[in-house]
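Here is a friendly briefing to read alongside the model. Please keep the 3D view open as you go through the points.

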Amino acid sequence: MTPRITRALRMLSPHPWLGPASGPGRPPSGAPRRGPAVLRRGAAAAVLAALAAPFAIAPAEAAPHPPRTGFETSHGARWTGPGEEQTFLGAVGRGSDRVAVERIGTTKEGRPLQLVRIGKQRPATTTVLLVCSQHGDEPAGREACLTTLRDLAFAQDRATRAFLSRTTVLVLPTANPDGRAADTRGNADGVDVNRDHIALKTAEGRAIAAVVRDERPDVIYDLHEYGATPPYYDKDLFVLWPRNLNVASPVHGVSRVLSERYVRPAATRDGYSSGHYGIWTDPVTGDPIKQTAGDGQERILRNASGLKHAAGLLIESRIDALSEAEKADRSLNQRRRVDSQRTALGGLFDFTEEQRARLRAATALSRAAGFADRGPVYLGGADNDPAGPGEILTDPPCGYRLDAAQYAGVKDELALHGVRSHRDGDGAYVPLRQSARNLIPLLLDQRATYPLTYGQANTTC
């Protein structure tokens, strides 16, 4: 029996103040949080247990003073600035031999899009991708990503080394740098990056798509924040898995396991309330009242993740102040938001270790299923909203033909999506019999909601 990962990750921080503020469901400010009495069984907890004394490491093994973010040095009073992030990532990369930082794109305003790789180099047994702050005005997940990648980079205990020897953790610490600099939801063009995972018109969306195609992550974990609507929609954390009906059943199932058996329980054990994103609930009974978000749109990363064979999870921390103390002291509010995200990340790492075999089997089955080329394709609906008759391709075509102009206009996007095509006269032909089978009609069918272009369906196989 060892301390669970959520506690180990928190204790890894060099700042004991990095915990939630007082409020409903959590201890008063200054009171001790739950300690070693909160235990769990399993190899995942052992992975980071020794991080409780994170920097008591020999000077010969690691830098005696690992870098700190601007958020940490200000005790949560302000978010880490863009320049501070670059300095921080450079110091992490120089100080840890298990970290590589690479530039994977450039934004419209010239800021770097960066990918941080921690742990085993490819091919890894399991790959986890953290996508942080697609929305520039939702910074808490970004701060959690920065401190977590630093903590993993400098830990020296045997359990963490074992975990990282069979796992690659990939982090896009700021997926929307221009939006973060301007504190706006969208990018420099005002585009919502999290609605661009089909069209791939933004530099940010294209960079994410290339990482997903090339790294083939088993899990894609997408960190966000939300504004509450009390009393119907005001949990500390909301989560949601891929709801799109084209997500392979094994991937859909393991995504729900990640949500319901790991991330939400991790939040509960640490005193945070949780619920399902987009669902208003009765404050007395907890019964759902209405759905306001969280559908099966394929252009949202949560759903695109499942369509690309990865278990996916959206995580949303509550922005609004929970107490008068938080209203009076912004740092309390911001520390609570970051702490809740770090707690949820602990659940993700528990899941990765304990469900490794099931996860790998699910993603492998999903990648192979398209070659069988069987079953319907859904152009609408979700796992809680059945598709209508006009939204179902009961007998999908064998493929889609694109004329020369169409192909020239979408060939780069098809390649970024990992879709195979071949020349067909002056144009191209996209067969359905491939790994991306259930994604292709969403890109090319005339009845699709967000198509790249309208291909000519070929029904003669």
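This is a predicted model: local features need pLDDT of at least 70, side-chain atom pairs count only at pLDDT 80 or more; totals for chains, interfaces and linings use all residues.

**Helix packing and other local features**

Helix 8 (residues 203–215) and helix 14 (residues 404–416) have axes that come within 8 Å and cross at roughly 50°. Residues are numbered from 1 along each chain as its sequence is written, and side-chain values use heavy atoms, with hydrogens and water left out.

**Helix 8 with helix 14**
- Helices (H or I, at least four residues) and strands (E, at least two) are DSSP runs numbered from the N terminus; axes are lines fitted to C-alpha atoms, for helices over the stretch in contact, with angles from 0 to 180 degrees between N-to-C directions.
- From helix 8, R206, A209, A210 and R213 meet D412, E413, A415 and L416 of helix 14 (contact means heavy atoms within 4.5 Å).
- Sorted by class, this contact has four nonpolar, no polar and four charged residues (Ala, Val, Leu, Ile, Met, Phe, Trp, Tyr, Cys and Pro count as nonpolar, Asp, Glu, Lys and Arg as charged, and the others, Gly among them, as polar).

**Helix 9 with helix 13**
- The axes of helix 9 (residues 249–269) and helix 13 (residues 356–372) come within 8 Å and cross at roughly 150°, which means that helix 9 is roughly antiparallel to helix 13.
- On the helix 9 side the contact is made by P250, V251, G253, V254, V257 and R261, and on the helix 13 side by R358, L359, A362, T363, L365 and S366.
- By class, seven nonpolar, three polar and two charged residues make up the contact of helix 9 with helix 13.

**Salt bridges**
- The count comes to 27 salt bridges, each a side-chain nitrogen of Lys or Arg within 4 Å of a carboxyl oxygen of Asp or Glu.
- E353 and R166 meet through their side chains in a salt bridge (2.5 Å, N to O).
- E353 lies in helix 12 (residues 330–354) and R166 in the loop between helix 6 (158–165) and strand 6 (167–172), so the pair ties together parts that are 187 residues apart in sequence.

**Backbone details**
- P230 and P231 are joined by a cis peptide bond, with omega about -5°; P231 is found in the loop between strand 7 (219–226) and strand 8 (237–240).
- D183 is not a glycine, yet has a positive phi of about 55°.

**Confidence**
- The mean pLDDT (the predictor's confidence in each residue, from 0 to 100) is 88 for the protein, and 86% of its residues reach 70 or more.

Note on methods:
Angles under 35 degrees count as roughly parallel, over 145 as roughly antiparallel, 65 to 115 as roughly perpendicular and the rest as oblique.
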